[in-house]
Amino acid sequence: MTRYLLNRLLGMVVVIFLVLTIAFVLVRLAPGDPAALMLGPDATPEEVVALRARLGLDASILSQYLTFLGNAVQGDLGRSLFFDRPVTEVLASRAEPTIFLALFSLIFALIIATPIGIFAAYRHGSAIDQSSISTAMLAASVPSFLTGLIFQRYLATDLGWFPASGYGGPGASFGTRMWYLVLPSITLGITNSALILRFTRASMLDILGEDYVRTARAKGMSEARVVLRHALKNAGIPIITVVGLTFALLVAGAVVTERVFNLPGMGNLVVNAVLRRDYPVIQGTLIVVATLYVLVNLATDLLYLAVDKRVKY
Amino acid sequence: MSATRLRLSTALALVASPVLAAGTIDVAIIGEPDTFDPMISTKDVVSIVTQHFVETLYTFDESWAVVPLLAADMPQIAEDGLTYTIPLREGVSFHDGSTMDADDVVASLDRWLEVASRGMAIADLVEGVEASGPSEVTITLSEPYAPLLSLLAFSNSAAAIYPEEIVAPSIEQVIGTGPYKLEAHEPDQYTQLVRFEEYTQPEGSAPREQIPDEIRFVPVPDTNTRVEGLLSGQFDFADSLATEAYDRIDGSETAEPVLLEPFGWPVFAVNHKEGLMTDLKIRQAVQAALPYDDMLFAAFGNDMFFQTDGAYYPEGWQWHTEAGTELYNINDQQLAGQYLEEAGYDGQPLRILTSRQYEFHYRMAEVAQMALEMAGFTVEMDVVDWATLAQNRDNPALWDIYITHSPFLPEPALISSLFPSAREGWDNPEKNEILDRFTSETDPEARVEIFGELQEMAYEDVGIIKIGNFNALQGQRRGMTGVAPSPWPAFWNAELPE
């Protein structure tokens, strides 16, 4: 077990190193000069050269890469070119909306999808099963920006039930900030509930056909107990996998939803950073997302142990 | 509304709305200002925000005439046009509590000449800026330069006045004298300004009444999100909206459209340094081939939002002249074909560099491409993101035309493309001579005449290709008053309806 953990951690370092390197090369291959962008349309070539020097962009790519790696190892992700603040500080200030958005949309998706998935599997082939699958397909097919726009227009603008965008403004309390996340969370949750629903249903279908379920029924156990106690526990592994991956994807992929609702999260940050060619912020966000992805994967594997005693590492 | 729904929405509204201070104006702007130091940026979004807390010696009134702001009066200009003596207002406080004097102004203007693009452009002409008294500064020039006051008044690459103590090549925390001061800034979330209680009103120019307690600028990059925020009542003002949203805003009970008519001009910038367009016949062929009406219609969709107008300044502006415009909107691909023949055009691709960041640029380019191909051009479209365009246009080897736009600037000498030093590199000796006369002439009427010559020259030599005028759509809370339509709207007089 310890060996397994060590191996996984080592693998994680390699993955992050690769992500770092690829990110570094890719963002620099993209044309577009951050200095020219920051100075605006009327900047003279001399001003651009001076700003490039001040930002350290005139050094060779290799030396920039080595400096970046050296600093990253020490936890220093550099300074944002645009905000002139440490990248770690910028990222920290954007973590809250993204993490809570991912969390709420996951909770929303689980609340909607798990019971329906179980029920659909239990009533396999029935009208309820069919309609839940079609609804899930539909929900998964509508892009979240469209769902977001529809919610924004009708629930926020027309009915005034929710704020249309933003994150509460200056001095907003924690409660207010969370209130601003309701519509975005539902928007993102709907898209992801489809995936969870289908996984839950498929997984439950497998288990419900197993011998021990039949045995449990034969012993006279109540249906609810059979489904929730025996079957669900064993259907748990694939569900945990998909939930874990969904969470990581949500953090990384909240981009569109954050854009539509103008949430100051990491997704919005990375889009702006790309448009501004803010190299250190792009790299920093990728490192955080890659790390999170690897960690969530590890946590998912470890959760298997807790759910299924037969799993051994 | 049913009773249940009413109860529900009331309950939700109670939870939802943060307690707003009375008189807060929320303004949705198109992005985050990358600096609060308006000297070093020419971006409109920087001007819009910083003009509330940073001031200049002069400013523009509603008819774009220069009026004093931190100066006590208009300058005394020596007969030879070389010395400007500017009296300063006394008792003006900076936000740090210090009082403005001539030393602050001298230090600020010296920095402006060193770091601001508009200041640098005239730095060679300025022999010196000196304090000629505790409340008076003198600017000495090596040759007369009429646009000086407009440059000192512009909020864009602004000759901002800072306390001498903070003046440095790079300023950490900007301190100004404006009616509002910077209270808080959360990047990509908001910039919060509050009333500056010790503000002293300028005399003569329009008062800055400090009506709102707070002004909050919220960067909202997505245009649809700005519209929804405006219509839902979240924002009191939203800048730069897609014209498609006009009808919805017009029909709303919460908001009303503000049409900035006209806002500016889309331009096909011409590469005079390298490539195809260095040949006058080819330039004339492009000018003759373009279907300006169709391009504007494709770009803006409804003639409520554009005018097919070749004059560089629209009617109503003192700079308006029709000189040379007979060459505008010829829309004759056959004639263009003749020019191409005369030029001995061999089918080398005409490269148009554009971006979809501004969708109307791209739509104009598409129509232009068809017309140019009909005239016999081979056209190569290079559609990139704005960051790439901003870089590539500095390399004259990469493009023949790039598409941009500009608001109508209060003084033609602010139109950088007219100068040979600009990236377009339009360096025609005859034009340069007119330009020199234009910038050194001090008599306003004579300047208008010379500007006519300049515009005529621009058409004959195809220096720049102006496509037309376009209007900008902004939106505000229905019944809000005190915000004059402008590319750089200001909110110190904004008053919300009861």
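This report covers a four-stranded sheet in chain B and the contact between chain B and chain A. The structure is a predicted model, in which local features need pLDDT of at least 70 and side-chain atom pairs count only at pLDDT 80 or more, while totals for chains, interfaces and linings use all residues. Residues are numbered from 1 along each chain as its sequence is written, chains are lettered from A and ligands numbered from 1 in the order in which they are written, and side-chain values use heavy atoms, with hydrogens and water left out.

**The sheet in chain B**

In chain B, 4 strands make an open, antiparallel sheet in the order β4-β5-β7-β6. Helices (H or I, at least four residues) and strands (E, at least two) are DSSP runs numbered from the N terminus, and two strands pair if DSSP finds at least two bridges between them.

A hairpin of 2 residues connects β6(B) to β7(B). Strand β7(B) pairs with β6(B) and with β5(B), as listed here.

| Strand paired with β7(B) | Bridges | Sense |
|---|---|---|
| β6(B) | 6 bridges | antiparallel |
| β5(B), residues 83–87 | 5 bridges | antiparallel |

Within β7(B), which spans residues 136–141, B:Ile139 stands opposite B:Val129 and also opposite B:Tyr84. B:Val137 of β7(B) is the bridge partner of B:Ala131. In a regular strand, side chains alternate between the two faces of the sheet.

Helix α3 (residues 102–115) of chain B lies across β6 and β7 of chain B, at about 170° to β6(B). Such angles run from 0 to 180 degrees between N-to-C directions, with axes fitted to C-alpha atoms, for helices over the stretch in contact.

**The contact with chain A**

Counting heavy atoms within 4.5 Å as contact, chain B contributes 48 residues and chain A 46 residues. About 3900 Å² is buried between the two chains, with 54% from carbon and sulfur atoms; this is the accessible area (1.4 Å probe) that two parts lose on being put together, summed over both.

There are 3 salt bridges between chain B and chain A, each a side-chain nitrogen of Lys or Arg within 4 Å of a carboxyl oxygen of Asp or Glu. B:Asp385 forms a salt bridge with A:Arg277, with the closest N and O atoms 2.7 Å apart. On the side of chain B that touches chain A, elements that each supply at least two residues include α1 (3–16), β9 (190–195) and α12 (386–392) of chain B.
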